[in-house]
Amino acid sequence: MGRNKAVCCGLSALETTLAVLFVLMTAVSVTLIVLLVTRESDTAGETDPPAPTSDPQHSPYLIGVGRADCTGPPAEIPLMGYAQSSQLAAGIHTRLYSRAFIVDDGRKRVVFVTADVGMISQRLRLEVLRALRVKYGDLYRQDNVALSGTHTHCGLGGFFQYTLFMLSSKGYIPESVQPLVDGIVKSIDIAHRNMRPGRIYRKRGDLGGSSLNRSPHSYMNNPEEERHRYETNTDNQVVVLKFTDLDGDGIGMLSWFAVHAVSMNYTNRMVSSDNMGHASYLMEQDKNPGELPGQGGFVAGFSSSNLGDVTPNIKGPFCINTMKPCDYLNSSCPVGGTKMCQAFGPGNDMFESTRIIGHNIYMKAKELYAEADEEVTGSIQSAHQWVNMTDVKIQLNDTHVSTCKPALGHSFAAGTTDGGGDLNFTQGATDGDPFWNGIRDALVGPPSNETQDCHHPKPILFSTGEINWPLPWHPQIIDVQIITVGSVAIVAVPGEFTTMSGRRLRAAVKQELESDGVNRDWEVVLAGLSNVYTHYITTFEEYQVQRYEGASTIFGPHTLSAYLQKYAGLARAIAQDEVSKLPPGPEPPFFEKNLFNLLSAATLDRKPDNTSFGDVLQQVYPVYRPSSSLEFLLSVTFDVVFFLFLQRDKTFVTVEIFDNRTETWEIVHTDASWETRFHWLKGSNRQSNATVEWHIPATAQAGSYRIQHFGHCKQPHPLTEVTPPGRGHTH
């Protein structure tokens, strides 16, 4: 993750004495625009290539795919990822979705979900499993449901139950949690309802020019012989699973690629699915021609992988105050320290960088999807255990070592080149700072000698495993899980594995799966940020350097060895058909008390005298004339309200064109579209406004357009439908 992390809080139950939510489903002040352009025909999404000509020799699977909105309220809630206290949600760049894939071989069933969220927290997973149990009984369980986050740093926080994470995102926030739970469950519901006979094909390729190792000094500490097995210090492989019906028509795609979703930087305040979400957007628009974003039957999931030390900011880091290279060892600048050392993407700004990286990932996945002809066949398995990661015993050669109680090192507070820390910490610190140690001791107490020795050479900033007020600061019981579909193994990992850590884990799992001598062609993929979040997992050698990733490897220097042991055990059980003999392990807690919320309650909304909610404050020009190659910006501002309480699955924005034949308005864009941006500004005296931007492409159809904004307000009245205010027209 691109900064020191702490998480958020939870909203307390809403007092029943508060004013009732007053909904304005405003077709609010509509702005009409005449857009005069030369229409260039847009190429419709290509049809799926025909299925392989050879007659399938294997029984088909039952396959279901589903997608559902999980955006949440885009106002005032901290965004999860950079741990910037000032990075509060204030609008929508793109909407967030959960994408579910269900496969059934007639005997067993597995579910894989990739959601546009920073990571899957333990609390989020437990709430989803509870909701699934209510609906489906024992059909969907902890062993056969894997949840993975794309690692966007611009989704809402507030979905954790451990204190450190709650502190960084203002607590546990039900208004943030519920849309995530509902969206994930709904995507599984849709996939469940849509199950049909189908086939799966796989393909692997390489994508260069879209990722960069942000801790090359740590990577170089790995054994030379090991490094020489690989051409690059990042995993450039893209793995694609293609899902079709029995006629060969595509119904979905799953892809894995290792890169941080941090093209949108820490200055952004709009909810955004970032580069991985943009890849999904492009693929789904391609395969669902004529549909609005988030609609259409084809579902394209782009999942995270071993991205721990991998950035999309491929121009690399430099000191923004001097334009000179940062210090190689600690990623800092002579003046300004780590904050001045920033890495940049390929575009002129974060939006263009997001578009470029997302488009690169999409194009490679689309190519592999078209070429995928190796059918996935065979039985389905799922193996899962809960593990207490604070004391896993591992035998290394002739010695025995163990994991540690969780702790974060000093370099954790330095952040990364994707977003440096605000204080005078630097990466690569193997000695503690007496000043900060004194502050720590006064606030939370010093680490025990045992924990310090266990984590050596990490200088401990916070001994989170020894702090339990008001709740434990970090999880101790975590999930390890593998699901297999034929010859494809999806290893769901609880955090951010670095490049080399991921390579070692894939190799260990593959070795065990192939130990029976029957199948020698396993495709093993890592699904990052899955089921529970435990920060980073470096190799033992990388840990010694103590850059950000090593300082954030919370269970100590032998964390990777413990995971290798545990996941190898799952793979062995699958290979030997002994999954039923695996002990389930100790169940994680589900805290009911002491969840706190630091988010201020929403106040009543106000508007200026003699005005209505939704009035247009800044009109558009009557005519826009884009050239054949330029993008023009249209912007309109509305008098609006506070968006903490929302009607879900509804857009705040529509761009509509007038159809002269039917004399009706047709929606061409929503706030899920790449072309729109919705900015919300919290004004003074409880008066807010919103600005809607439409970035008009050169290919836009000539005609008359209008922009509508839909919102809600909170007033001391019963729930009442309000007649929308008058519509303003311009020509």
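## Salt bridges, ring pairs and an enclosed strand

At 15% relative accessibility, D659 counts as buried (buried means under 20% relative accessible area, exposed over 50%, partly exposed in between, with a 1.4 Å probe and protein chains only). Its salt-bridge partner is R661, with the closest N and O atoms 3.1 Å apart; R661 is exposed, with a relative accessible area of 75%. A salt bridge here is a side-chain nitrogen of Lys or Arg within 4 Å of a carboxyl oxygen of Asp or Glu.

A word on the ground rules: this is a predicted model, in which local features need pLDDT of at least 70 and side-chain atom pairs count only at pLDDT 80 or more, while totals for chains, interfaces and linings use all residues. Residues are numbered from 1 along each chain as its sequence is written, and side-chain values use heavy atoms, with hydrogens and water left out.

### Salt bridges

The structure holds 34 salt bridges. Three of them are set out here.

| Pair | Closest N to O distance |
|---|---|
| D659 and R661 | 3.1 Å |
| E367 and K364 | 3.2 Å |

Helices (H or I, at least four residues) and strands (E, at least two) are DSSP runs, numbered from the N terminus. Both R503 and D235 are buried.

E367 and K364 sit three residues apart in helix 7 (residues 350-371), about one turn of the helix. E367 is partly exposed at 35% relative accessible area, whereas K364 is buried at 14%. Elsewhere, salt bridges that share partners join R67, R99, D116 and E284 into one network.

How many residues of strand 16 are buried? Five of the five residues of strand 16 (residues 299-303) are buried, so the strand is largely enclosed by the rest of the structure. In a regular strand the side chains alternate between the two faces of the sheet. Both faces of strand 16 are covered, with V299, G301 and S303 buried on one side and A300 and F302 buried on the other.

Strand 15 (residues 250-256) runs parallel to strand 16, and five bridges join them; two strands pair if DSSP finds at least two bridges between them. M253 has A300 of strand 16 as its bridge partner. Together with helix 6 (residues 274-287), strands 15 and 16 make a right-handed β-α-β unit.

### Aromatic pairs

A search of the whole structure finds 22 aromatic pairs. Rings of Phe, Tyr and Trp (its six-membered ring) pair if their centres lie within 6.5 Å; planes under 30 degrees apart count as stacked, over 60 as edge-to-face and the rest as tilted. F318 and F344 form a stacked pair, 5.1 Å centre to centre with 25° between the planes. This pair links distant parts of the chain, with F318 in strand 18 (residues 316-319) and F344 in strand 19 (residues 341-344), 26 residues apart. F318 is partly exposed at 21% relative accessible area, and F344 is partly exposed at 32%.

F435 and W436 form an edge-to-face pair, 4.9 Å centre to centre with 80° between the planes. F435 is exposed at 52% relative accessible area, but W436 counts as buried at 15%. Ring pairs also link F159, F160, F165 and Y533 into a cluster.

Key: Right-handed = clockwise from strand over helix to strand, strands pointing away.
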